[in-house]
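Here are a few notes for you to read alongside the model.

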Amino acid sequence: MQLEWITRTSTRTFAPTALGWIVAAAIGVATGLNSPVMAQETAVKDSRTADQRIDQMVNRGIEFLRTRGQSDEGAFSGETGAAVTGLCVRAILEHRPEAVSSDPVVVKAIQYLESKVQPDGGIYAVGSKHRNYETSTAAMALNKANQDGRFDSQLERAKNFLKDIQWDEDEGAQPSDTAYGGAGYGSHSRPDLSNTSFLIEALRDLGTDANDESIQKALLFVSRTQNLPQHGNDTAYADKVGDGGFYYTPAAGGQSQAGESADGGLRSYGSMTYAGLKSMIYAGLTPEDPRVNAALDFIRKHYTLENNPGMGAQGQYYYYHTFAKALDVAGLEVIESTDAGPRDWRMDLINKLEAEQQADGSWVNREAERWMEGDRQLVTAYCLLALKHARK
């Protein structure tokens, strides 16, 4: 009998048999990062609960978006079309669902997203080369705002649009093709794991079952981005690295943002590994599946919040976003890190984001602006979304 994902309780466990390691709820076993913390600061932190600390960060982050982040037309970083605005709206509503009608900033942002709804059902700026990314993030925002059913029709059309834009037979791809089942930014130049993970999450958020054909097609693509032979990755890269982590794409000759190994393998890195784990869970895989086990083994060996493993500071806040979401979706409380022992990942995340929040309430990647991480609106949305999953 297969194990089931453990639902949220005060004592969650997760024990993949192939790894032989046990993750047990041990709240308080690991309460901080490995770096030293001043005694006075520790005393202040210890006087507040985790939720109080999250609330303080969230209030400051949302206030930044409300007072300094929005354009006159209602957009957050409008040059990205609906993408960053969708992330910001979803981030605010995850913590303040009542803002959908009570906060004029949120109301205006939702109106901006509505203005990007296209005749084909997508939600994107005219001429956009990022139709999948924009539609996925905007649809998840509007779904969170859909408290009275007013976006039902638009969301159904957005769901159909996302299925249509996926690489499959309609694009001339066959299951044997490395692009099959994946999604790219939306220009149909090449699918990748990041955009495919957004598509899977958006489809699931919009009510698509894990067994739906579109999700299972996407799982074929996700499996081909994992450094794991004989379990869905039938590409030439499958056994060159073999660490169970994930890379960017197997399509169009393959690419890893972390570079290649000496023998031409595609190196795994942190943010894609958490995106891959999250996607596999949404696609219905259980703890006993070898692909899940291998991903968790990589995570156990490379657990850190000091950087994006394999990438350093590049994509670090996107990493925090995928890290928190994947571990929460997996139902994990503690990670048995190879280097540091049992880690309360939520407390580690809280400590890290609290230390990195700027004086104006925002977050920004000061070390590496690649992938728009110099954009305070985008990075603040990532952090607010991560903090939602840091709540127990």
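1. A polar contact here is a pair of N or O atoms within 3.5 Å, where one must be able to donate a hydrogen and the other to accept it. Please keep in mind that this is a predicted model. With that in hand, have a look at R346 and D328, whose side chains are joined by a polar contact of 2.8 Å. R346 sits in helix 13, residues 345-356, and it counts as buried because its relative accessibility is 0%.

2. Next, the packing. The largest nonpolar core has 98 residues, and those touching the most other members are L277, M280, F323, W345, L349, L353 and W363. Helix 14 (residues 376-390) gives the most to this core, with 10 residues. Leaving out residues up to four places away in sequence, L277 touches F246, V292, A295, L296, I299 and A326.

3. Now the rings: there are 12 aromatic pairs in the structure. In one of them, Y303 and F323 have ring centres 5.9 Å apart and planes at 45 degrees, so the pair is tilted. Because Y303 lies in the loop between helix 11 (290-301) and helix 12 (316-329) while F323 is in helix 12, the pair ties together parts 20 residues apart in sequence. Both residues, Y303 and F323, are buried.

4. Y318 and Y382 make an edge-to-face pair, with 5.9 Å centre to centre and 70 degrees between the planes. This pair links helix 12, which holds Y318, with helix 14, which holds Y382, across 64 residues. Y318 and Y382 are buried.

5. Finally, which residues do ring pairs link into a cluster? They are Y274, Y303, Y317, Y319, Y320, F323 and W345.

Terms used: Residues numbered from 1 in each chain as written. Predicted model: local features only at pLDDT ≥ 70, side-chain atom pairs only at ≥ 80, totals over all residues. Heavy atoms only, no water. Helix = DSSP H or I, 4+ residues; strand = E, 2+ residues; numbered from the N terminus. Buried < 20%, exposed > 50% of the residue type's maximum accessible area, 1.4 Å probe, protein only. Core = buried A, V, L, I, M, F, W, Y, C linked by side-chain atoms within 4.5 Å. Contact = heavy atoms within 4.5 Å. Phe/Tyr/Trp six-rings, centres within 6.5 Å; stacked < 30°, edge-to-face > 60°.
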